[in-house]
Each structure stands twice: as structure tokens, then as C-alpha cells.
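Here is a short briefing on one protein model. Look over the sequence and the structure first, then read on by topic.

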Amino acid sequence: MNRILKSRAFKTTVIAATVMGVAGVAQARDQIRIVGSSTVYPFASYVTEEFGAITEYPTPVIESTGSGGGIRLFCNGIGEGTPDISNASRRIKASEVERCEENGVTDVTEVKIGSDGIVLAQSSANGELDLTLEQLFLAVAARVPVDGELVDNPYEKWSDIDSELPERAISIYGPPSTSGTRDAFEELVMEVASEEMEAYGGEAFTEIRADGAYIDAGENDNLIVQRLSEDTNAFGIFGYSFLVENPDTLIGTSIDGVAPDAEAISAGDYPVARSLFFYVKNQHAEEVSPLYEYVEMFVSETMIGEGGYLSDLGLIPLPEAEREVARQKVTERVALQVADL
């Protein structure tokens, strides 16, 4: 059965289980089930394929549901119809951990796997562009200051924001509200920019415009990449790894004078960088026999270390000490507590 069919089958199982309220003890099986972030998906997919190739176990089933959607499925309970792992391009929220606990998911290990930058990319048919955080905010915010008052965003072209910017319509394909990339974009771009602008009174403003300039492109970032090759006037928002995988067709936009590259993201110089995670349901470990073999492979130096396989796909490795912490959490199955967040 191919990956698409397996993903559909898994999705059907999850939906059915949710409808019936399945939350019992996990049934013994040897195929791991993974949901979550579209940003983490390429890295996790590589590990799942390698795991299926070199171990005696079947290739894990993995589905790109977005960080929020994945955590919601993960926290639905324990049992056959619920995932074993949820990938996330943001840290889990305290409210989500509390919901997990309410549904009997009380033993979860948090694993940080690396860093990533959120990029604003465009077709390589265009020239390079450098934006400030404020300019990017003004392009996507639902309400912006004009003559000292907040009004519905009137900007139709980039040159409306600044005459030195291209005279191109503002058209940005971006992630939906269930995406960790969307959460991180709102935190790292919207909040940071608006808190520095007097019109917002020092408060964060994160509402994104809904007049067609920002286009919800769903959870599949590869579709955004495809659309940028067809719509060369548009921009797309996604994780750095998708820029790495498409060097001939896409170019990234510099933010505050810093280009999105591995060195700048790792050093913390690129303004729109975040950490990547996955969450393991330890209560499934005994019944889902290969669970921790997969997790240990994922956090190995071969995968997430300097020069590891996943760095070739665009994952920015953590410092060595942090990688050791990740492996220690896995070895000791350290349970995440609300107080940790």
C-alpha cells in the first residue's frame, strides 16, 4: 500500500475512532502512526523511510495535519485510533497538555530536534528583495495605521507600503490557522512588529487580513512551492527546508537585511527562526513495539547531528549540548509537565 493510501486509511481510522470515542488501551501493533507539522514532515518522512528500510518493522504511517491539528488528534486519548507521535513546528501549549491529561494522555515526552527559519519566498524569475519586519507586517495585517488611526488594510501593492518596493500586487500564499508555521509567523513577525508601532499602544496585533491578499494555502507546503512556480508575482510563507529543496526555482527574501540561510538561522541572526519538536505518547510504547527504536533513530547524530542526513534537507542542527539533552529525554522517557511550559 503506498503512502497516500496508508495516510488516507489512517485518517479514516482516526476520524472513526474520534466519532466513537475510542480511548482505551493501545492494541499491540508494529506500525507507528505519526501526525502533525507540515514543516517537520520532510524530516520525519526521511526517518520513516529509513526506518522501514533497515529494520524488521513496517514503514511508519505519517500524515501532514499541521501542528495544531496533529496535537489535537494526539491528545484525543490513548488507544488504537490515536497517533503515537505528533510533530510540531512550535512548542505544545499548556492548554493542549491539559487537554491531553483530561483525555488520559498523561505520559508524553517532548523532543526538540533542531531549528528552522520561516521564509518569505518567491519565484527565482524575480529579483532579490529585502523587507523589514514592519513592511512584512503591513502587507499581511488586517488593520494598519494610516494617518495615526487603525483602518482596514488598504495596501494592494508592495509599492503602496514603500515606493522603493516592487509595483506588484500583494499576494501571499501562507499556512492556515492550524499550522505551527502560522503560529510562529504571528509570534515572530506580527507580535514583534506591532508592539513596536505606536498605533497599537504597545499591544500585540496578530490578525491577518482576509481580503484575498493573504491566501490560506492549506497544510501542504509543496503546493505553495508549486503555486509560486505558476504565479511568479506571488510570495509564499513556509519553512526553510522547502527553500533548500527548491534552489533552482525559489529565492528567499531577506528580513531586516539578513538572508534566510543555515548560518544566519543557527546563529540567531535571522529574525524569523523557531525550534522544531515532536511529542511521543509513552503510554503506547509497550504495545507499539518499534516506537522507541524509531525515536532513537530520529535523535541519533546520523540524523540530527552536524552533517547529519536531515541537515541536507534543511534542518538546522541544535548545539551539541542540546542534542544530548534530547537524547537523554528519549532514553529516560522524561514526562512533560504543564509547569515546564
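How many disulfides does the structure hold? The structure holds one, where a disulfide is a pair of cysteine sulfur atoms within 2.5 Å. This is a predicted model: local features need pLDDT of at least 70, side-chain atom pairs count only at pLDDT 80 or more, and totals for chains, interfaces and linings use all residues. Residues are numbered from 1 along each chain as its sequence is written, and side-chain values use heavy atoms, with hydrogens and water left out.

**The disulfide**

- Cys75 and Cys100 form the disulfide, with an S to S distance of 1.9 Å.
- The pair links distant parts of the chain, 25 residues apart. Cys75 sits in the loop between helix H3 (67-74) and strand S3 (85-88), while Cys100 belongs to helix H4. Helices (H or I, at least four residues) and strands (E, at least two) are DSSP runs, numbered from the N terminus.
- The torsion about the S-S bond of Cys75 and Cys100 is about -70 degrees, so the disulfide is left-handed.
- Both cysteines, Cys75 and Cys100, are buried. Buried means under 20% relative accessible area, exposed over 50%, and partly exposed in between (1.4 Å probe, protein chains only).

**Strand S4 and its partners**

- Of the 16 residues of S4, 15 are buried, so the strand is largely enclosed by the rest of the structure.
- S4 runs antiparallel to strand S13 (residues 273-281), and nine bridges join them. Two strands pair if DSSP finds at least two bridges between them. Gly117 stands opposite Ala273 in S13.
- Strand S10 (residues 235-239) pairs with S4 over five bridges, also in the antiparallel sense. Leu120 has Ile237 of S10 as its bridge partner.
- Three bridges join S4 to strand S11 (residues 250-252), again antiparallel. Here Gln122 stands opposite Ile251.

**Cavities**

- Rolling a probe the size of a water molecule over the atoms shows where empty space is left.
- The model has two cavities of 30 Å³ or more. On a 1 Å grid over the protein atoms alone, a cavity is a set of points where a 1.4 Å probe fits but cannot get out; lining residues have an atom within 4 Å of a point. Grid points are joined across faces, edges and corners, and a volume is the space filled by probe spheres set on the points.
- The largest cavity has a volume of about 60 Å³. Its lining includes Cys100, Glu101 and Leu336. Helix H4 (residues 94-102) gives the largest share of that lining, three residues.
- By class, the lining of the largest cavity has six nonpolar, one polar and one charged residues. Ala, Val, Leu, Ile, Met, Phe, Trp, Tyr, Cys and Pro count as nonpolar, Asp, Glu, Lys and Arg as charged, and the others, Gly among them, as polar.
- The second largest cavity holds about 40 Å³ of space. Among its lining residues are Leu120, Phe185 and Tyr270. S4 (108-123) and helix H7 (180-195) each supply at least two lining residues, and S4 gives the most, with three.

**Helix H2**

- The 14 residues of helix H2 (residues 41-54) should span 20 Å at 1.5 Å a residue, and the end C-alpha atoms are 20 Å apart, which agrees. The expected span of a helix is 1.5 Å times one less than its number of residues.
- Buried residues of H2 include Phe43, Val47 and Phe51.

Notes
1 Å grid on protein atoms, 1.4 Å probe; cavity = no way out; pocket = protein on both sides within 12 Å on 5 of 7 lines; lining within 4 Å.
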